[in-house]
Amino acid sequence: MIDTRKNESVFVSGDEAVALGVRLSRPQVISAYPITPQTIVVERLSEMVEDGSLDAKYIHVESEHSAMSAAMGASSVGARAFTATSSQGLLYMAEGLHYASGGRMPIVMMNANRSLALPWSIFGDHRDSMSMLDSGWIQVYVEDAQEALDMTIQAYRIAEDPSVLTPFMINLDGFILTHTYELVEVPRQKEVDSYLPPFSTPNKMSLETPKSMGFSTSPADNMEFKYQQHKAMMDSMEVIKKADKEFSEMFGRSYHGLVDCYQCDDAEYILVTAGSVTGTARVAVDTMRIKGIKAGVLKLRFMRPFPEQEIRNILSGAVSYGVLDKDISFGYEGTMFTNVNSALSGSKNFPRGMNFVGGLGGRDISVQDIEEMFIALQKCPDNAYGDYIKSRVSFVNMGVNINE
Amino acid sequence: MDKPELKDFTKPESIRDYPVGPSFYGGHLVSVNSGWRTFRPVVALDTCTGCFRCYLVCPDGVIAKTEAGKVAVDYDFCKGCGVCAHECPFSAIDMVKEDISE
Amino acid sequence: MSSNRITVKNMTDKEYFLGHKACAGCGGSLAVRLALKVFGDRTFAALPAGCMSAVGFIYPQMAFLNNAIISTFPGTGSMLSGMRAGLDALGVKDAHVVGFAGDGGTADIGLQALSGAIDRREKIIYICYDNEAYMNTGVQKSGLTPYGARTTTSPAGNNLPGSVMQKKNLFEIVAAHDIAYAATASVGYPQDYLNKLSKAAAVEGTSYIHIYATCPTGWGTPTETSVSLAKEAVDSGLWYLAEYEDGAFTLNRKPKEFFPVKEHLLKQGRFKHLKDSDIKVIEEARDKKWKRMLEKWN
Ligand SMILES: Cc1ncc(C[n+]2csc(CCOP(=O)(O)OP(=O)(O)O)c2C)c(N)n1
Ligand code: SF4
Ligand code: SF4
Ligand code: SF4
Ligand SMILES: [Mg+2]
């Protein structure tokens, strides 16, 4: 029987899925600048504007800084805005990221996760978006094209919620997601329209109520605005959960809120992942389970707001946990690891954790690599503490011997 | 409103009373600029011809045209720059030292 | 001149930029004030970091009556594009989308965004108030600081005469985009400025006005001379009043003889140190520019 709640399925890349999600969300202004591996998104959107299937203004900006600046201009008068970028482009708009969040402009942006130069690499890792973690944007990391499409729609719903009014970054692993073709269900426009009403905010410039926006503050007021921003981000957790629940009621797909667990209930060894590698990790969990090892995966969907409570609840029951970071904060450890540890520091039972830094600049992470992580996690609680500290951070799948 | 105006304003007591983000009403003034002045422009109404040169060039927009076809200075916001007096073709404006003891 | 031109007699009594914290005698604030009186209520303004944004929006003191937003320092042009696109999408008609940016925010860090905006041919008005340095950060040299001007980063001493570079030729750079309308102006010639503002408001497509705007604080000049000095700059040939329309340049004012450069410059603290040889360099550059303008422009 055909489920009439669903529309057709199409075979598209992650980038195209985002473009379809954007079209369904009816943005009024799109401003973007091309960069691999984001380009397909802006190409598809341009085509949609050209063929009339998307009623939006596409602004051909001359840089990413201007892409964000134009999106902010549109948002400041109350229009729904979209942009997309990656890597160097994300850094080039860094000023605008903080600006948009401080301005409480609910812009939605797709970021194709890509390595940062130098050395140049067009391939994926999370160092671009992780370096922007403090910019005040909600950050979701999706696992497949379907989630990319669905989260694009949810992103507007969450970002524009009056209690949130915070910009939203949807992260897709470069090439692995952006360029891989998958079968994706495309929701019906009518249903999306009822899920996502038109953007309306009193927080804009208008002829009825002229406003001064983006003003400056003295030290006597600045912290209050920063507190508001923080509170909005914290409050967004409930909005995210509600958006997910209502989305699943309407479209039949749930992503389980801030985190998504696989076999975590009785797991002794849990690997924390983000993005596309989660699928690989699930396969590794299955093979570990066959071997009788109680493995599980915690997919960290949101990096901001950070699901502290969920992480604490799930990981504190484990014997040990690993965090697979496609990122390294040079001189310390992966950013996800730092954040997960910080969440756990509040729990009575703080299991031992290991940080696996992998996938930098597009390096492959195989099922076998992840199995080895679980094996390391099994060993790690037995290590003498000193050894454990020394080996807490390891680079996985290096091409050469680094143990000199 | 015909121009930005002084409003009664008390600092918000609760975070809820703050605007959502840096967004506030246009033309909402809470403080005057009169304290900046060392000299105040005084218009000699009998010399003033109502040419409105001073009105045109006042950087602060604090000179108004009066019904009598002359000009009046809003001393709340005049900074005493002296442009008006310098530009008046009829020398109808005097810059007079403010009496700080006042 | 058309009969519906805006003059001091018929302009609106409304004030849109009042109660701000610009220094006394600030030419930039006069440029903004007059522009808004021409553009009126239906104006959405963007101002990048710089003096006019710094003095106009300090919470809770909001000196703009109309809609206004501070843009990023480099992003005025693109923010204006976004505002225009947003207003179009929302069906807001007959609104002016106007940028007010300093010389640094226009000729240096904002040039890319300005170029993009002009290139897109949107109906936006961009006004550069040129006070010839980065004033808001304490008078540093910009691409529009003239030769010989002392700034905090182009100090004058035994080895250097202040800035050793001539002003970037921004007006012609803008015109080279084949913009719909561009003009230069001076706060010393307010009626000429009003005329140009009216034209910019009426033109289809992008328009740009570059207005010379005195800064008593940064220039070391008496506050009361802010208008007369800006007039003198034009009369001495160090600035010029011109327009670019339909591919052609027009010089609006051709002084029969120039006001003496030396006398003009020595009224300003930033030029007090200049030697006669420096003044000669300035005059030669002026004469070269005027020769070209008089030959090539209407
Ligand atoms: C990206 C960035 N770089 C530098 C600054 C610091 N900054 C703020 S205003 C300013 C000077 C502005 O000069 P100009 O555009 O000429 O305007 P003015 O202050 O003279 O009115 C500078 C350098 C900034 N705000 N943003
Ligand atoms: S410039 Fe002088 S004469 Fe003209 S209106 Fe002002 S005060 Fe009167
Ligand atoms: S002194 Fe300056 S601010 Fe005061 S009225 Fe005259 S021109 Fe305006
Ligand atoms: S420093 Fe110059 S430009 Fe800035 S407010 Fe003062 S006078 Fe105006
Ligand atoms: Mg300047």
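1. A quick definition to start: "buried" means under 20% relative accessible area, with over 50% called exposed and anything in between partly exposed, using a 1.4 Å probe on protein chains only. In helix α5 (residues 94–102) of chain A, the buried residues are A:Ala94, A:Gly96, A:Leu97, A:Ala100, A:Ser101 and A:Gly102. Their cover includes α3 (64–76), α4 (87–92), β5 (108–113), β7 (168–173) and α9 (222–251) of chain A. After α5(A) comes A:Arg104, with a positive phi near 60 degrees. Helices (H or I, at least four residues) and strands (E, at least two) are DSSP runs, numbered from the N terminus.

2. Keep in mind that this is a predicted model: local features need pLDDT of at least 70, side-chain atom pairs count only at pLDDT 80 or more, and totals for chains, interfaces and linings use all residues. Residues are numbered from 1 along each chain as its sequence is written, chains are lettered from A and ligands numbered from 1 in the order in which they are written, and side-chain values use heavy atoms, leaving out hydrogens and water.

3. Have a look at A:Arg127, which sits in helix α6 (residues 127–130) of chain A. A:Arg127 is buried but has no salt bridge, and the nearest side chain of opposite charge, A:Asp327, is 4.5 Å away. A salt bridge here needs a side-chain nitrogen of Lys or Arg within 4 Å of a carboxyl oxygen of Asp or Glu. Beyond its neighbours within four places in sequence, A:Arg127 has contacts (heavy atoms within 4.5 Å) that include A:Leu116, A:Phe330 and A:Leu360.

4. On to the magnesium ion (ligand 5): C:Asp103 (OD), C:Asn131 (OD1) and C:Ala133 (O) coordinate it at 2.0 Å. C:Asp103 is in helix α4 (residues 103–108) and C:Asn131 in the loop between β6 (125–130) and α6 (170–175) of chain C, 28 residues apart. C:Asp103 is buried at 1% relative accessible area, and C:Asn131 is buried at 8%. Donors are N, O and S atoms within 2.8 Å of the metal (3.2 Å for Na, K and Ca), and sites may look incomplete because water is not among the atoms.

5. Finally, the open sheet has 10 strands, in the order β2(B)-β9(A)-β4(C)-β1(C)-β5(C)-β6(C)-β8(C)-β7(C)-β9(C)-β10(C), with mixed pairing. Strands count as paired if DSSP finds at least two bridges between them. β2 (23–25) of chain B and β10 (248–251) of chain C are at the edges, each with a single partner strand, so one side of each lacks a neighbour in the sheet. Strand β5 (residues 96–102) of chain C pairs with β6(C) in the parallel sense over 5 bridges, and C:Ala101 stands opposite C:Cys128 in β6(C).

How values were computed:
Lys and Arg count as positive and Asp and Glu as negative; His and the chain ends are not counted.
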